[in-house]
Amino acid sequence: MRIYPLFCLLVSVFFLYSCTSPSPSRQANSPQETPSQQVVNVDENFKRVAGQTVYVPVYSHIYHDDGKKTFNLAATLSIRNTDLANPIVITFVRYYDTNGKLVRQYLEQPIQIDALASTDFVIDATDTSGGSGAKFLVEWIAQTEVSEPIIEAVMIGSGYHQGISFISPGKVIKSDTNK
C-alpha cells in the first residue's frame, strides 16, 4: 500500500523533469537569430517604395494598490512581416524612456525580414530604465508595395500570486510612399 504513493511521486517527478529542457543562451536585448533575416545595406541604390515609422507604447511597470507600488513587466517587441511574397527591411529599433530620452538603439545595421517572418526584441522585467511611459520607435521600408507589418509589444509579469499580460499595438506616426 505504501509503494503506490511513492511510485506516483516518482512518476510525477520524472514527467516534470522531462518537460524542462535547457534553453540556448541568448542575449535578452537582441533580436532572435533566424535564417529568415539578414543584415542589408541601405544606400542610395536602395529603391525605397514604401515605409513607416511606428510608435509602440511599452510598460516596463504598472502601478497598483495605492499608486505607489509597482508591478514590473517583461516586454517583447514583436515585428511580423505580413506580406505573402516580399521582404521588408527594419532600419532602426529605438527604445525611449518616459521623458523621451533615447535609452537604447537595438540595430547597428538594417535587417531584412523575409515574407511571413518575424523578429522580436526583449526588455527584461528587471530593466526599468524606460519607466512607465517607455516606448519603441521602429522604422521599416520596402523596395516594393507590401502589406503593412504588425508591430506590437507584449507585456507579461507574475508575482504576488497573480499574473498579468496584455498587448500594446503600434501606431504609425510617419508614412513614406514613393511612387
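Start by selecting Tyr 106 and Phe 136: both are buried (buried means under 20% relative accessible area, exposed over 50%, partly exposed in between, with a 1.4 Å probe and protein chains only). What you have open is a predicted model, where local features need pLDDT of at least 70, side-chain atom pairs count only at pLDDT 80 or more, and totals for chains, interfaces and linings use all residues. Residues are numbered from 1 along each chain as its sequence is written, and side-chain values use heavy atoms, leaving out hydrogens and water.

**The rings**

A search of the whole structure turns up four aromatic pairs (rings of Phe, Tyr and Trp, the last by its six-membered ring, pair if their centres lie within 6.5 Å; planes under 30 degrees apart count as stacked, over 60 as edge-to-face and the rest as tilted). Tyr 106 and Phe 136 make a tilted one, 5.7 Å centre to centre with 45° between the planes. This pair links distant parts of the chain, 30 residues apart: Tyr 106 is in the loop between strand 7 and strand 8, and Phe 136 is in strand 10 (residues 135-142). Helices (H or I, at least four residues) and strands (E, at least two) are DSSP runs, numbered from the N terminus.

For another ring, pick Phe 92: the charged end of Arg 94 sits over it, 3.8 Å from its centre (NZ of Lys or CZ of Arg must be within 6 Å of the ring centre and within 35 degrees of the ring normal).

Go to Asn 81, in the loop between strand 5 (74-80) and strand 6 (88-96). Is Asn 81 buried or exposed? Asn 81 is buried, because its relative accessible area is 2%. Leaving aside neighbours within four places in sequence, its contacts (heavy atoms within 4.5 Å) include Asn 86, Ile 113, Leu 116 and Pro 149.

Hop across to Leu 116, in the loop between strand 8 (111-113) and strand 9 (118-123). Leu 116 counts as exposed because its relative accessibility is 55%. Check its backbone too: phi is positive, about 60°, although Leu 116 is not a glycine.

**Pro 110**

Select Pro 110, in the loop between strand 7 (102-105) and strand 8. At 17% relative accessibility, Pro 110 counts as buried. Not counting residues up to four places away in sequence, Pro 110 touches several residues, including Gln 38, Val 42 and Val 89. Its C-alpha atom is 9.8 Å from that of Ile 141, 31 residues apart along the chain.

**Last stop: confidence**

Colour by pLDDT, the predictor's confidence in each residue, from 0 to 100. The protein chain averages 84, and 78% of the residues score at least 70. Over residues 13-28 the pLDDT is below 50, and this stretch has five contacts in the model beyond near neighbours in sequence.
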